[in-house]
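Here's a quick look at one structure, written for someone who likes distances and areas. Have the sequence and the 3D view open while you read.

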Amino acid sequence: MSARRGEQDPLRSEDGPGRHRPDVARLMRRLEREHAIRLEAENIGERVTAELYSSVQRLQQLQALHDEQGEAMLRLRDLDEAKDAFLSTVSHEFRTPLTSMMGYLELIADGDLETGSARMSSAVEVMTRNTQRLLHLVNDLLAFSSLQQGKRDDLGARVDMVDLVDEVHRTLAPVARRRGVTVTPSTLGEVPAIVGERDLIDRAVLNLLSNAIKFTPAGGHVRTRTWAERGAVLLEVTDTGIGIPAEEQDNLFTPFFRSSLSIAREIQGTGLGLALVRAAVDRHQGDVQLTSVEGEGTTVTVRLPV
Ligand SMILES: Nc1ncnc2c1ncn2[C@@H]1O[C@H](COP(=O)(O)OP(=O)(O)O)[C@@H](O)[C@H]1O
Ligand SMILES: [Mg+2]
C-alpha cells in the first residue's frame with residue numbers, strides 16, 4: 001500500500017534516527033488497522049457471496065415457477081383451441097342438415113311440391129333422415145357433456161346388459177331392414193347385471209351397433225354376442241362391412257375422427273360415436289378393443305366389470 005499524500009511514510013522517515021521508535025509504533029498501529037480492515041473486508045466478501053448465492057437460488061426458483069406457469073398457459077391454450085375446434089365442427093354438423101331441410105321447407109312454402117307427389121315424399125324422407133341425424137348428434141353431445149361435467153345421476157343403478165342390448169336391437173331393427181343388413185343378437189350362458197350409468201351404456205351400445213349396420217353394405221351381416229367372463233360382462237359387435245384401413249385404426253377413438261373410407265363413400269356421421277364409447281367404458285373402469293380388416297369387417301369388444 002502506498003502512503004497517501006499528506007501522511008508520512010514511516011519506512012522512509014527523513015526525521016533522523018531519533019524519530020525511529022515512534023515510527024515503529026505507528027507502523028504497528030497502522031498494520032493492525034490494515035489487518036482489521038482486511039478482516040472486515042473478508043467478512044463483507046463472505047456475506048456478499050452468501051447473499052449472491054441465495055439470490056441466484058431464488059432466481060432459479062422463480063425461473064422454475066415461471067416455466068411451470070408457461071407450461072400451464074400452454075396447456076390452457078391447447079384446451080381452448082380444442083374447444084374452439086369442437087364448437088366449429090359441431091356447428092358445421094348442425095348447419096348441413098338444417099340447410100338441407102330449410103331448402104325443402106322453402107320449396108313446400110312456395111307451393112313447388114305437391115301433396116302426395118313423389119318429390120314431396122322424397123323431401124319428407126330426406127327431412128326425416130336429417131332430423132334423426134340431428135337428434136343422434138344432440139344425444140351424443142348431451143352424453144358427452146354429462147360425462148365431462150362428471151354428472152353421476154344413474155351411477156349405482158343395476159344394468160342388465162342382455163336387456164339393454166335387446167332394446168338397442170329393437171331400436172335399430174328397422175334401420176337394418178331398410179339397409180338390407182341382417183342383425184343377429186346372441187347371449188352365451190348366464191350374464192350377471194353390472195352396476196353403472198344405464199343411459200351412458202345405452203348410448204355406447206347404440207353407437208356400436210349403428211356403426212356396424214351403417215358401415216356394412218346390403219347383404220352383409222352383423223352379430224352381437226353378450227357373455228360373462230372373470231368378473232366382467234363382455235359385448236362383441238361383429239360386422240362384415242367395409243372395415244377400417246390399418247394405419248387409421250389408432251385414431252378411431254378421437255372425437256370427430258372418421259376413416260378415409262367413410263368420407264370417400266359419403267357415409268353420414270360425426271365421428272363422435274367411438275369417442276363416446278371409449279369415454280363411457282372408461283367411466284365404468286372397463287375397456288374397449290377394435291380389430292378390423294379393410295374390406296372384410298370389424299369387431300368391437302367392450303368389457304365392463306360387474
Ligand atoms: N363397424 C365399423 N366399420 C367400419 N368403420 C367403422 C366402424 N365403426 C367405426 N368405423 C370408423 O370409425 C369412424 C369413427 O366412428 P364414429 O365415432 O362412430 O363416427 P361416425 O359418426 O362416423 O359413425 C367412422 O367414421 C368410421 O370411419
Ligand atoms: Mg358412429
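A salt bridge here is a side-chain nitrogen of Lys or Arg within 4 Å of a carboxyl oxygen of Asp or Glu. Keep in mind that this is a predicted model.

**Salt bridges**

By that cut-off, the structure holds eleven salt bridges. Side chains of opposite charge can pair when their charged atoms come close.

| Aspartate 287 | Arginine 303 | 2.9 Å |

Let's start with the strand pair. Aspartate 287 sits in strand S6 (residues 287–293) and arginine 303 in strand S7 (residues 297–305), so the bridge links parts of the chain 16 residues apart. How accessible is arginine 303? It has a relative accessible area of 29%, so it counts as partly exposed. Aspartate 287 is also in the partly exposed class, at 30% relative accessibility.

Next comes the pair between helices H2 and H4: aspartate 140 belongs to H2 and arginine 203 to H4, 63 residues apart.

Glutamate 93 counts as buried, at 14% relative accessibility, while arginine 133, at 22%, is partly exposed.

**The ligand site**

Now for ligand 1. The shell around it has 19 residues, and the closest are Lys214, Arg258, Ser259, Thr270 and Gly271. By type, the shell divides into seven nonpolar, nine polar and three charged residues.

Which atoms make polar contacts with ligand 1? A polar side-chain atom of serine 262 is 2.9 Å from a ligand oxygen. A polar backbone atom of glycine 273 lies 3.0 Å from an oxygen of ligand 1. On the nitrogen side, a ligand nitrogen is 3.3 Å from an N or O atom in the threonine 298 side chain.

Taken alone, ligand 1 exposes 530 Å², and the protein buries 97% of that. The elements giving two or more residues to the shell are helix H4 (198–214) and helix H6 (273–283). H4 supplies the largest share, three residues.

Methods
Residues are numbered from 1 along each chain as its sequence is written. Chains are lettered from A and ligands numbered from 1 in the order in which they are written. This is a predicted model: local features need pLDDT of at least 70, side-chain atom pairs count only at pLDDT 80 or more; totals for chains, interfaces and linings use all residues. Side-chain values use heavy atoms; hydrogens and water are left out. A residue is near a molecule or strand if one of its heavy atoms lies within 4 Å of it. A polar contact is a pair of N or O atoms within 3.5 Å; within protein, one must be able to donate a hydrogen and the other to accept it, and residues adjacent in sequence count only if both atoms are side-chain atoms. Accessible areas come from the Shrake-Rupley method with a 1.4 Å probe; for residues, only the protein chains shown count as cover. Helices (H or I, at least four residues) and strands (E, at least two) are DSSP runs, numbered from the N terminus. Ala, Val, Leu, Ile, Met, Phe, Trp, Tyr, Cys and Pro count as nonpolar, Asp, Glu, Lys and Arg as charged, and the others, Gly among them, as polar. Buried means under 20% relative accessible area, exposed over 50%, partly exposed in between (1.4 Å probe, protein chains only).
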